[in-house]
Amino acid sequence: MTQRTRPIKIIDYEGSSYKTDFWEGQGREFEDLTERNALRRLLPTSGSVLIEVGAGFGRLADLYDSFEQIVLVDYSMSLLEEAHRRFGDNPKYHFVAANVYSLPFADDLADVVVMIRVAHHLEAIDLALSEVHRVLQGGKIFLMEFANKRNAKAVVRFLLRKQSWNPFTEDPYEFVPLNFDFHPEWMRRQIENAGFIVERELAISHFRLPAVKRRFSPRFLAQIDNAIAAPASFLKLSPSLLTKNIANKPTRSSNGFFRCPRCYGHSLRQDERGYVCTTCKETWVIQDGIVDFRYPRPES
Ligand SMILES: C[S@@+](CC[C@H](N)C(=O)[O-])C[C@H]1O[C@@H](n2cnc3c(N)ncnc32)[C@H](O)[C@@H]1O
């Protein structure tokens, strides 16, 4: 693990209108459909606990309905409130405000962890991957999407000298603060170093081009994208890659559900306000159906 000399920065989505600014009415039906198609291909048909990390407003959360317990995690309380408004009536869904770098779950809890459009915001991807590995059961599945630095557009622009940064070098490219594109080989090494076996890769979102999207329907483009996603993963020239990774560790049963993200204690007592850690005495409040396990606490 990399030695860190300063606190890890977390992107701030609190109070953002991500849903309306980025998705609704913004011409991204193709991207949404193609991510759904790819996820459907890689998700198991059922399971006991699925955790989506960085679930935002719950855009993809309807895909998990066949799981017994679905845990939507995000650092943004306001986005989770939107998710709660949509799924809060269904007792299978749980809403947890938490930091991917300090997940508040017991070891070996989940059958599946999903992380879509989150990796590109993580400056300490190694730490995030090791947390996901910890909370997954041995032999179980981690589905992660990430932004591909070596995509066709970047390669062509670089070769035509219209872009100064080199898409072939392996270091992450931070195009604006806390927004990274990753080289596929570099990311594969991070995933493997965290203790996963990369089982499958899908190259997706090839048609993320306004001229193409204007001409063809999102459904048609998503169908073609889905058909080429597996073979195209050999070239990896798409802007987005989705990987299916298996936690390479022994199968153990988990020691409870939550773990204190501050002291790592497993003994949490529930009272009328939320959860109290019996080891470090920290209180994690439940507010409008969302357990606030964010650690470090957000600056107010
Ligand atoms: C681009 S949005 C994607 C949301 C959702 N996965 C989707 O595809 O619609 C990125 C999300 O990651 C969350 N996020 C970023 N850093 C995080 C961290 N350190 N811990 C937990 N969530 C984080 C943000 O709050 C935001 O909701």
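Predicted model: local features only at pLDDT ≥ 70, side-chain atom pairs only at ≥ 80, totals over all residues.
Student: Switching topic, how do α4 and α6 pack, I mean at what angle and how far apart are the axes?
Tutor: Helix α4, residues 125-135, packs with helix α6, residues 184-193, at an angle of about 40°, and their axes are 9 Å apart. Because of that angle, α4 counts as oblique to α6.

Student: Is the crossing left-handed or right-handed?
Tutor: The crossing in which α4 passes α6 is right-handed.

Student: Which residues make the contact there?
Tutor: From α4 the contact is made by I125, D126 and L129, while α6 brings W186, M187, Q190 and I191.

Student: How many of those are nonpolar, polar or charged?
Tutor: The residues of the contact of α4 with α6 include five that are nonpolar, along with one polar and one charged.

Student: Zooming out, how many helices and strands does the protein have?
Tutor: There are eight helices and 13 strands in the protein.

Student: What about its overall dimensions?
Tutor: Taken along the principal axes, the box filled by the C-alpha atoms is roughly 60 × 40 × 40 Å. The radius of gyration is 19 Å, which agrees with the value near 19 Å that a compact globule of 300 residues would have.

Conventions:
Residues numbered from 1 in each chain as written. Heavy atoms only, no water. Axes fitted to C-alpha atoms, helices over the stretch in contact; angles between N-to-C directions. Helix = DSSP H or I, 4+ residues; strand = E, 2+ residues; numbered from the N terminus. Parallel < 35°, antiparallel > 145°, perpendicular 65-115°, else oblique. Left-handed = near helix turned anticlockwise from the far one by under 90°. Contact = heavy atoms within 4.5 Å. Nonpolar A, V, L, I, M, F, W, Y, C, P; charged D, E, K, R; others polar. Rg over C-alpha atoms; globule rule 2.2 N^0.38 Å.
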